[in-house]
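Open the model in your viewer and keep the selection tool at hand. The tour goes to the ligand and then to a pocket.

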Amino acid sequence: MDPLKEKFKALADIGKEELKSIAKTYGEKQIDTVNVGQVIGGMRSIKCMLWDTSSLDPEEGIRFRGYSIPQLRELLPKIEGGKEPLPEGLFWLMLVNEIPTKEQVDWLSAEWESRAKIDPSVFKTLDSLSIDTHPMTQFTIGIMAMQSDSIFAANYDEGMNRNDYWDAMYEDSMNLIAKLPHIAAYIYRRSFHNGVHIPAQPGLDWGGNFAQMLGINQPDFLSLMRLYLTIHADHEGGNASAHTVHLVGSTLSDAYLSFAGGMNSLAGPLHGLANQEVIKWIFNMVESLGTTTPTKDQLRAYINETLESGQVVPGYGHAVLRQPDPRFIAQKIFAEQNIKDDDIVQIVWDLFEVVPEVLGALGKVKNPWPNVDAHSGALLVHYGLKEYSFYTVLFGVSRALGVLAQLCWDRAYGLSLERPKSITTEWLKSFVNENK
Ligand code: CMX
């Protein structure tokens with residue numbers, strides 16, 4: 001058994017017993033109530049799912065197994081002389097609740113490298129798609145094309161014991177994470193670089209290799225990619241992509257099916273696709289104003305135009321957060337340290353000053369502050385990754401780390417099939433009539 005799996009197994013055995021005992025003793029104890037507004041309003045904030053890999057505080061933002069982003073930037077292992085954490089370290093932390101050593105992270109980089117071989121039929125499937133198929137659609141299809149490799153599905157077919165689900169899920173998750181940057185880079189190069197592909201560089205870390213397979217081999221871009229893949233990895237379980245992975249997985253669908261489901265959720269403009277929408281919106285603004293250095297008054301007018309045309313300001317607002325997103329701040333710090341004279345970056349910073357004031361004045365937006373998607377595009381454009389329809393794929397590669405680590409826990413805990421209760425509008429109308 002590999003060292004990470006061994007640690008996971010030891011923790012999972014304890015965790016499963018603890019959870020069983022909690023369910024037995026406190027199964028009837030009430031945690032939360034649900035009101036009519038929450039039923040109509042997208043189930044906001046109902047505490048009804050387990051998620052261990054990270055938790056989200058409205059004021060403070062994300063913590064991964066208790067660690068904030070600034071702490072992770074300091075504590076997670078880096079490449080020799082590097083400034084940004086290796087995402088491998090975050091996966092280790094999320095899976096087994098400990099900050100790994102550099103040796104452990106090096107082991108994981110090598111392990112993922114050894115698991116990254118992809119059957120040629122997967123690339124053939126991708127090549128059969130029209131070249132203008134959205135990269136997120138290609139990504140989901142690529143993941144689905146690899147599903148025939150699922151160890152979980154094959155073992156289930158042969159009558160796997162339920163006590164072994166965690167093991168097969170671990171194997172699938174490790175294999176899928178290993179392969180994702182290769183699939184993603186393949187999609188990028190086929191869509192935007194005439195199908196001229198760049199092979200993996202043996203011995204390079206997971207994030208660094210992804211960057212160089214995209215074709216941008218500058219040390220600062222590799223560094224950005226490591227940071228990017230770390231900060232997008234998880235955002236507790238209630239967000240649409242994480243929840244979808246968890247929901248699909250609860251039917252005992254394997255990691256490929258579950259993760260592909262989550263990626264279809266991430267591809268929506270109110271969620272992960274907002275990262276492409278932000279830069280598209282900024283590019284349109286620059287074009288319509290005829291300048292890359294707009295004044296704050298020009299920005300204000302453009303924001304109002306967007307709102308008046310019935311659209312949201314992309315990259316702003318959040319269902320949980322009530323402060324600027326620490327993932328936005330982490331990217332801002334990276335930009336301040338590396339590319340502070342970039343015009344598009346300056347627009348992002350000026351928007352940070354102007355948008356909250358405009359959204360706040362509407363009186364209905366609960367969080368007028370920027371989220372993770374408000375900054376990422378400006379950084380990517382600076383290093384030459386301008387094809388913004390690809391951005392959500394980058395988000396997806398990172399999101400795999402959190403949702404698949406949690407999926408291993410879901411199967412180790414033996415969590416049940418998800419099955420909330422729906423009500424009809426007729427039921428709701430009689431309920432409110434009776435409770436007037
Ligand atoms: N621009 C304009 N209006 C906004 C807004 C924004 N950025 N954010 C919220 N609002 C509006 C909502 O549309 C809603 O209006 P109605 O009552 O007229 O329908 C009102 O303000 C209240 O919404 P809320 O409770 O503050 O926010 P929600 O929890 O409903 O929605 C979110 C959260 C993210 C979907 C929303 O803020 C939004 O649409 N933001 C822009 C898209 C975006 O950046 N998404 C990425 C989120 C991060 C991620 O998942 O990657």
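The model is predicted, so local features need pLDDT of at least 70 and side-chain atom pairs pLDDT 80 or more, while totals for chains, interfaces and linings use all residues. Numbering starts from 1 along each chain as its sequence is written, and side-chain values use heavy atoms, without hydrogens and water.

The shell holds 20 residues, with H271, G315, Y316, K364 and D373 the closest. By class, eleven are nonpolar, five polar and four charged.

Colour domain 1 (54-273 + 388-413) and domain 2 (281-382); both give residues to the shell, so the ligand lies between them. The domain bounds come from an automatic or database assignment.

Next, show L270: one of its backbone N or O atoms is 2.9 Å from a ligand nitrogen. At N371, a side-chain N or O atom lies 3.0 Å from a ligand oxygen.

Now select K16, R162, R411, A412 and G414, which lie nearest the centre of the second largest pocket among its 15 lining residues. A pocket is an open set of points on a 1 Å grid over the protein atoms alone, where a 1.4 Å probe fits, with protein on both sides within 12 Å along at least five of seven lines; lining residues have an atom within 4 Å of a point. Which class has five residues in this lining? The charged class does, beside seven nonpolar and three polar residues.

Notes: Near = heavy atom within 4 Å. Polar contact = N/O pair within 3.5 Å; in protein donor to acceptor, adjacent residues only side chain to side chain. Nonpolar A, V, L, I, M, F, W, Y, C, P; charged D, E, K, R; others polar.
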